Amino acid sequence: MTASQTAPTPDHPTACLALADGTLFYGRGFGATGETVAELCFNTAMTGYQEIMTDPSYAGQIVTFTFPHIGNTGVTPEDDETGDPVAEGMVVKWDPTAPSNWRSVDTLSNWLAARGRIAIGGIDTRRLTRAIRQQGAPHVALAHDPDGNFDTEELVAKARAFSGLEGLDLAKEVTCAQSYRWDEMRWAWPDGYPTQTAPKHKVVAVDFGAKRNILRCLASVGCDVTVLPATATAEEVLAHNPDGVFLSNGPGDPAATGEYAVPMIQEVLKADIPVFGICLGHQMLALAIGAKTVKMNHGHHGANHPVKDHDTGKVEITSMNHGFAVDAQTLPEGVVESHVSLFDGSNCGIRLADRPVFSVQHHPEASPGPQDSFYLFENFAAAMAARA
């Protein structure tokens, strides 16, 4: 898409999406009114829009949903992955319809409006997704005005002024303010979320932007979970005398977060206890052992990503959400590349050859997505049991 192009305008547009190259998309706004500036990505998941919007890994990003039916199942507090939406905004093809789901307690539009998140519908999301794939994740400004008044030159200027995610530490913005305990397990019919009453393993989870379902998965495999802020030191982590340490998902540039997280992880590794990382936690572990990370063209965001496990030869369909990746060419000796993306060959997992320290780029907790990779939580629990 070239500069100054304008997508077809719907009748009475009340929202405008302006790309930094000057391209304008007009549509119908819903959710909150106002303006926001962010990086634009696309997500190919067919379900789970509420979990996606509340995934802390989406801080600093607006999400384009390639699946057209967004909002038709409403929202429920049970599906929040954190307290409020973290993604800056939402782009969809069709306007949300009235909810049709027995679990729904509110509409998507009301939910977004109450939480200050802007959305735009009536967009040619196929055209927009093609532009993202070809040109990389663009910087954009999204505006919603019920009267349809837009200063497009100013919106484009704001998009161009956005600094982007490279060099940006967002983990500090989404992490917990203080430590807390977690004992809620995975959702099960008909009782909802049961409580872990007989944990076997003491785990410290470092919160770089942890999703609730990750913590539930840890509790479900017998972990007594204590969550610490992203800025926790090795002394603070090890003071809990954990059987294992978990490094959570999160947003932003791993190299920026690594300024304070990498020294902590390096000291924890000296304690010779099992360590498990997911997403940003995977990237943090890679940096701690001497590898490097790179910014991807448009990242991986969806619930249908095939990943091959080199140890077993099996292919898992996974949920992913990341715009940075570990550069497999920089992995040092003694580190095994355990998983790889079958979409583009990028690194999706590592493990140390001589001890139970491992991590994956994808999201084995799903929410949304398949549960093919849940075994990783079981492997973490087994590693702790073997050290008991």
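# Close-up views of a predicted model

**View 1. Strands E16 and E17 run side by side.** E16 and strand E17 (residues 357-360) pair in the antiparallel sense over 3 bridges; two strands pair if DSSP finds at least two bridges between them. Helices (H or I, at least four residues) and strands (E, at least two) are DSSP runs, numbered from the N terminus. With 4 residues between them, E16 and E17 form a hairpin. To find your place in this pairing, look for Ile 350, which stands opposite Ser 359 in E17. E16 is mostly covered, with 5 of its 6 residues buried; buried means under 20% relative accessible area, exposed over 50%, and partly exposed in between (1.4 Å probe, protein chains only).

Before the next view, a word on how to read these legends. This is a predicted model, in which local features need pLDDT of at least 70 and side-chain atom pairs count only at pLDDT 80 or more, while totals for chains, interfaces and linings use all residues. Residues are numbered from 1 along each chain as its sequence is written, and side-chain values use heavy atoms, with hydrogens and water left out.

**View 2. E16 also pairs with strand E15.** E15 (335-341) and E16 pair in the antiparallel sense over 5 bridges. Here Val 336 stands opposite Arg 351 in E16. E15 and E16 form a hairpin with 5 residues between them, and Gly 345 in the turn has a positive phi of about 80°.

**View 3. Ser 346 sits in the loop between E15 and E16.** This loop leads from E15 to E16 (347-352), and Ser 346 lies within it. Is Ser 346 buried or exposed? Its relative accessibility is 14%, so Ser 346 counts as buried. The side chains of Ser 346 and Asp 344 are joined by a polar contact of 2.7 Å. A polar contact is a pair of N or O atoms within 3.5 Å; within protein, one must be able to donate a hydrogen and the other to accept it, and residues adjacent in sequence count only if both atoms are side-chain atoms. Leaving aside residues up to four places away in sequence, Ser 346 touches Met 296, His 300, Val 340 and Ser 341 (contact means heavy atoms within 4.5 Å).

View 4. E9 and strand E10 (residues 223-229) pair in the parallel sense over 7 bridges, and Val 206 stands opposite Leu 228 in E10. E9 also pairs in the parallel sense with strand E11 (residues 244-247), over 4 bridges. In that pairing, Ala 205 stands opposite Phe 246 in E11.

View 5. Together, E9, helix H6 (residues 212-220) and E10 make a right-handed β-α-β unit. A crossover is right-handed if, with the strands pointing away from the viewer, the path from the first strand over the helix to the second runs clockwise. H6 is mostly covered, as 7 of its 9 residues are buried; among them are Ile 214, Leu 215 and Cys 217. What do the buried residues of H6 pack against? Their partners are strand E8 (180-182), E9, E10, E11, strand E12 (275-278) and helix H10 (375-387). Following H6 you will find Gly 222, whose phi is positive, near 95°.

View 6. The loop holding Asp 253 runs between E11 and helix H8 (254-270). Asp 253 counts as buried because its relative accessibility is 9%. Which residues does Asp 253 touch, not counting residues up to four places away in sequence? They are Leu 165, Glu 166, Gly 167, Leu 168 and Phe 324. The backbone nitrogen of Gly 167 lies 2.6 Å from a polar atom of the side chain of Asp 253. Along the chain, Asp 253 and Gly 164 are 89 residues apart, and their C-alpha atoms are separated by 9.8 Å.

**View 7. Stepping back to the whole protein.** The secondary structure comes to 10 helices and 17 strands. Of the 388 residues, 57% count as buried. The C-alpha trace spans about 65 × 45 × 40 Å along its principal axes. Among contacts with a separation of 6 or more, 74% are accounted for by residues 24 or more positions apart.
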